[in-house]
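Have the sequence and the 3D view open side by side. The paragraphs below go from a contact between two chains to each chain in turn.

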Amino acid sequence: MNRREEDLQHAPDHDPLELEPELREALGNFKSSVNAWSEAMMHRPREIKAQARSSWAAPKWALGCAVFLATVSGGVYQNHRHLEAAKAQTARIAEQQRLQSAQRAQEEADLLAKVDNDIARQVPSALEPLASLMDDNQNIGN
Amino acid sequence: MAACTTLEPMVNATAELAAPQEFDSAVACHRAQIFRFLLSSTRDVDLAETLTQDCLLKAHRNWSTFRGESSVLTWLMRIAINLQKDHWRNRRLQFWRQTQTNAVDLDEASEWLPSGERSAEQCILAKEQVAHVWRAVENLSERQRTVFLLRFVEELDLKQIADVTGMGEGTVKAHLSRALARVRKQLGEKQ
């Protein structure tokens, strides 16, 4: 016997069957009420609803499966399209960058050529001795 | 029910002769009582019906092993109480499932009174009393409620309640005393 049970057994020694009139009346009414309820419920007419529900069960399942499949396949298709679009975009950007860099290189080459043309001049023949002197002076200074 | 002495013990000699027709008569005799007890315990008509069916099915399967050491009603009530305990234990484990029950509202349960010669005022007073008792019963522990209902609805004596619940008579008395104290308190609060 556990402690709780011992405690219960040593509860105040009050006879539970001893009822004052008001309590007796309340418990009598309670019993009558439960009795009446139970009798009424035992003899009540039953309703059968199962048939209508079961006839819809299969279409509901099919519809549910179709919606699920449509959602999943839609998602997969959408994802695939996104990937394709991203790939195409990347290729396009790469091509643009390649063209831009080629154009920039061409422009730089043209500019250099123009600058060369502008700066480089043929030395007049009359100044050639002076130019050679300048070269000699430089060599002496060194 | 009048022809059937509900608590008549089934002696061993009778139990040996236990036949299907005896089971039928036992069911006819006690079905209403089992249903009433389960209904008052759960306040759920569908659940009470299901548990009553389960109880009778289990009793039918084990009828051959019934040795008549207790009365048929005691045996059936014990099965019913165990089924009810199993049901609540399973519900607690399946808390993620539907948590609401079909239990009838206390006020609705209090509406039932036998049609008798009562004045309108007496009817109202009686319904009030019944509602207060229901409220007290709702706040009892599972054991206190079982003992209380077996005593004051099914009118079993302490020894029979002890047999049905598997508790000692002293324990039954203590539970009953505490349950009555609650009902007294509830009835006192209304005044």
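**Where the two chains meet**

From helix 2 of chain A, the residues A:Glu22, A:Glu25, A:Ala26, A:Leu27, A:Asn29, A:Phe30, A:Ser33, A:Val34 and A:Trp37 meet B:Ala126, B:Gln129, B:Val130, B:Val133, B:Trp134 and B:Val137 of helix 6 of chain B. Contact here means heavy atoms within 4.5 Å. Sorted by class, this contact of helix 2 of chain A with helix 6 of chain B has ten nonpolar, three polar and two charged residues. In this sorting, Ala, Val, Leu, Ile, Met, Phe, Trp, Tyr, Cys and Pro count as nonpolar, Asp, Glu, Lys and Arg as charged, and the others, Gly among them, as polar.

This is a predicted model, in which local features need pLDDT of at least 70, side-chain atom pairs count only at pLDDT 80 or more, and totals for chains, interfaces and linings use all residues. Residues are numbered from 1 along each chain as its sequence is written, chains are lettered from A and ligands numbered from 1 in the order in which they are written, and side-chain values use heavy atoms, with hydrogens and water left out.

How do the two helices lie? The axes of helix 2 of chain A and helix 6 (residues 120-138) of chain B come within 8 Å and cross at roughly 85°. Helix 2 of chain A is therefore roughly perpendicular to helix 6 of chain B. An axis is a line fitted to C-alpha atoms, for helices over the stretch in contact, and angles run from 0 to 180 degrees between N-to-C directions. Angles under 35 degrees count as roughly parallel, over 145 as roughly antiparallel, 65 to 115 as roughly perpendicular and the rest as oblique.

Helix 2 (residues 21-42) of chain A also has its axis within 10 Å of the axis of helix 7 (residues 142-152) of chain B, and the two cross at roughly 90°.

Chain A has four helices and zero strands. Helices (H or I, at least four residues) and strands (E, at least two) are DSSP runs, numbered from the N terminus. Of the 142 residues in chain A, 12% are buried. Buried means under 20% relative accessible area, exposed over 50%, and partly exposed in between (1.4 Å probe, protein chains only).

Chain B has nine helices and zero strands. Among its 191 residues, 49% count as buried. Of the contacts in chain B between residues at least 6 apart in sequence, 67% join residues at least 24 apart.

Two loops of chain B hold a residue with a backbone angle to look up. B:Arg43, in the loop between helix 2 (20-42) and helix 3 (45-61) of chain B, has a positive phi of about 55° although it is not a glycine. B:Arg43 counts as buried, at 13% relative accessibility. B:Glu155 lies in the loop between helix 7 and helix 8 (158-165) of chain B, and B:Glu155 too is not a glycine but has a positive phi of about 55°.

**Cysteines**

How many disulfides does the structure hold over all chains? There are zero, a disulfide being a pair of cysteine sulfur atoms within 2.5 Å. A:Cys65 is partly exposed, with a relative accessible area of 41%, and B:Cys123 is partly exposed at 26%.
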